[in-house]
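Subject: A structure for you to look at

Hi there,

Here is the structure I promised to pass on to you. Have a look at it first, and then read on for what turned up in it.

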Amino acid sequence: MEKKKRYFLAEEDIPRYWYNIQADMVNKPMPPLNPATKQPLKPEDLYPIFAEELSRQELNQTDAWIEIPEEVREMYKYYRSTPLVRAYGLEKALGTPAHIYFKNESVSPIGSHKLNSALAQAYYCKKEGVTNVTTETGAGQWGAALSYAAKVFGLEAAVYQVKISYEQKPYRRSIMQTFGAQVTASPSMSTRAGKDILTKNPNYQGSLGTAISEAIELARTTPNCKYTLGSVLSHVTLHQTIIGLEAEKQMEMAGEYPDIIIGCFGGGSNFGGICFPFMRHSIKEGKKTRYIAAEPASCPKLTRGHFQYDFGDEAGYTPLLPMFTLGHNFAPANIHAGGLRYHGAGVIVSQLLKDGLMEATDIQQLESFDAGCLFAKAEGIIPAPESCHAIAAAINEAKACKESGEEKVILFNLSGHGLIDMAAYDQYLAGNLTNYELKDEDIQHNLDEIKDL
Ligand SMILES: *Cc1c(COP(=O)(O)O)cnc(C)c1O
């Protein structure tokens, strides 16, 4: 029989609902708290910053299915369904009896899964009469997705990009500008927050925390302007469940069901996106699937962090969130997987990990690039440095199958391609990349500083 390589859904079979796992969780995530009053947040508390529908989705613990607006589905059709691919090349390279599948989110117009939520967020903003959206971006993946989504729905986008990456990663800036966004290096003179910092230190190279402060300040002081986020929050992960819902149908076409599902982990949106639709069968029918989050060893909030209330951002502007964290004061090493350099995990994933419904593994930088290069040679796709972590974890599981002779079915999410990250591959190929060791004392020191939050 001829071997089938890729599975697609017909346009009319693209899912019409996102899946909200909060509704099915036995232990719901604890509520986000107002940092001043320590009172649980209500959706209205978020309205000044986020679109109202997104604020409601964020705290919705009752509706398991939320309809995808037709206008968003129309835009999903530009690149969805994304292919579910059987990784024959990788299986052969590893000599494993495991069946390895990956969901290829790198085929979106901007090259990663982030567009799945950017389109939804821009749509709700437009619908509510918002004219401008703003955000911050480090490496530029979220900024690129938002810039395109804003253009699609006729919004103006202002993106604050951390100055050092604005200068060192010019191509993502060009992508944002190609889609018509206004990109400002942060810190900038356009906000009070930026001005204050530049007055004190004119050569400051910027940080995500400062860029967030600038974006939030702009949203607060500009009429009809909302702030948007590309990860961590529950509504972002909700939108990403389109990945797993498609994969569920496509695995059925392949006649298999995954034993292990893997995603790389920054704030949890692509991991939750691929896992949650399958996890509902674990919660409701007791299916024994393993869910593995692959995080960088240099930013190990799931494997070595602490579950507690903490701020979602460096500056301490967000509500307090119950999550696995290394402390919002944690400064991750400058690894190339920029999208995974985040101190905490989303509240849903944090609760699931606490309850033992999922596991986590940490991957060293060099191991991630070893895996990425093996995958590139075997499957012809150069993966994003973030995605390399999921690939490394999948390879470890496939090797374990080789040892035990088990024919397990492994599914992982390829969250993006690495074609705009070739500078990182250059350094790897030149032998200039290193691993970063984190001492227990250093982690503890950070956690001690936030223990009274
Ligand atoms: C942003 C990003 C990630 C990490 O974010 P999550 O919310 O954890 O998914 C992973 N991969 C790619 C390609 C990204 O752009």
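A residue is called buried when its relative accessible area is under 20%. Please keep in mind that this is a predicted model. With that cut-off, buried residues make up 60% of the 453 residues in the protein.

Let's begin with the whole chain. The protein has 18 helices and 15 strands, and its C-alpha atoms fill a box of roughly 65 × 50 × 45 Å along the principal axes. How does the radius of gyration fit with a compact globule? For 453 residues, such a globule would have a value near 22 Å, and the protein has 21 Å, so the two agree. Contacts tell you about the fold as well: of those with a separation of 6 or more, 76% are between residues 24 or more positions apart.

Next, the empty spaces. Rolling a probe the size of a water molecule over the atoms shows where empty space is left. How many cavities of 30 Å³ or more does the structure hold? There are 4.

The largest cavity has about 60 Å³ of space. Its lining includes Tyr19, Asn20, Ile21 and Gln22, along with Gln57, Phe276 and Ile348. Helix α11, residues 234–254, gives the most to this lining, with 4 residues. By class, the lining has 5 nonpolar and 6 polar residues, and no charged ones.

The second largest cavity holds about 40 Å³. Among the residues that line this one are Val232, Leu233, Gly267, Gly346, Val347 and Val349. Two elements, α11 and α14 (347–354), each give two or more residues to the lining, and α14 gives the most, with 3. Here the classes are 6 nonpolar, 4 polar and no charged.

Is Ser165 buried or exposed? Its relative accessibility is 8%, so Ser165 counts as buried, the cut-off being under 20%. A polar atom of the Ser165 side chain lies 2.6 Å from the backbone oxygen of Gly138. Leaving out residues up to four places away in sequence, Ser165 touches Gly138, Ala139 and Pro170.

Enjoy exploring, and write back with any questions!

Best wishes

How values were computed:
Residues numbered from 1 in each chain as written. Predicted model: local features only at pLDDT ≥ 70, side-chain atom pairs only at ≥ 80, totals over all residues. Heavy atoms only, no water. 1 Å grid on protein atoms, 1.4 Å probe; cavity = no way out; pocket = protein on both sides within 12 Å on 5 of 7 lines; lining within 4 Å. Points joined across faces, edges and corners; volume = space filled by probe spheres on them. Nonpolar A, V, L, I, M, F, W, Y, C, P; charged D, E, K, R; others polar. Buried < 20%, exposed > 50% of the residue type's maximum accessible area, 1.4 Å probe, protein only. Polar contact = N/O pair within 3.5 Å; in protein donor to acceptor, adjacent residues only side chain to side chain. Contact = heavy atoms within 4.5 Å. Rg over C-alpha atoms; globule rule 2.2 N^0.38 Å.
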